[in-house]
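I opened my notebook and picked a few things to look up.

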Amino acid sequence: MSAEIETRLKELGIVIPEAVAPVANYVPYVITGSTLYISGQLPMESGKVAVTGHVGKNVDVAAAARAAELCAINILAQAKAALGGDLGRIRRLVKINGFVASVPEFTEQHLVINGASNLLANVLGEAGKHARAAVGMASLPFNAAVEIDAILEIA
């Protein structure tokens, strides 16, 4: 499956970056048994938060969905680091939790998190179909527009 994932990444034009180090007192991932928990990932690109602000105020749905895609790419980066570079060890993406910094009137968090869901399903295939939550938040660290964490079953 690792070769399939690498092929899909190339076809989609996605380059998995180096995993981002934590900036506080936590670890980027934990493996217990056959479960990999990945801490919340921000829309990091080129070493900085790429999409900041609040959806419904100064960030539109398309930009926020792109932020969710970047979060998903960073989830894959953390998974790759946790699994010794072998994304083929992913048996199933079990669940993602998507957090969207948004104004109180904004109710389309699900459309924002579709950016991550679509990317992960496209990259991981059948193993990328997952349960999820998509919730609005008053604010997120570093003024990020989106943050997403993940739970995966691994071999």
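Which residues does Asn 97 touch, not counting residues up to four places away in sequence? I found Ala 133, Glu 147, Ile 148 and Asp 149. I noted that I am working with a predicted model.

**Entry: Asn 97**

I looked up where Asn 97 sits. It lies in strand E5, which covers residues 90–101. I then checked its side chain. A polar contact of 2.9 Å joins the side chains of Asn 97 and Asp 149. Asp 149 is also one of the residues on the touch list of Asn 97.

**Entry: strands E1 and E2**

I moved on to strand E1, residues 29–32, and strand E2, residues 35–41. They run antiparallel, and four bridges join them. In this pairing, Ile 31 stands opposite Leu 36 in E2. What do E1 and E2 form? They form a hairpin, with two residues between the strands.

**Entry: strands E2 and E7**

I followed E2 to another partner. Strand E7 covers residues 146–154 and runs antiparallel to E2. Five bridges join E2 and E7. Here Tyr 37 stands opposite Ile 151 in E7.

**Entry: the record**

Last, I checked UniProt. An unreviewed entry there carries the annotation "domain: Endoribonuclease L-PSP/chorismate mutase-like" for residues 6–145. I found that the end C-alpha atoms of this span lie 28 Å apart. The span is 32% helix and 24% strand.

Key:
Residues numbered from 1 in each chain as written. Predicted model: local features only at pLDDT ≥ 70, side-chain atom pairs only at ≥ 80, totals over all residues. Heavy atoms only, no water. Pairing = 2+ DSSP bridges. Polar contact = N/O pair within 3.5 Å; in protein donor to acceptor, adjacent residues only side chain to side chain. Contact = heavy atoms within 4.5 Å. UniProt positions renumbered as here; feature names shortened; annotations may be inferred.
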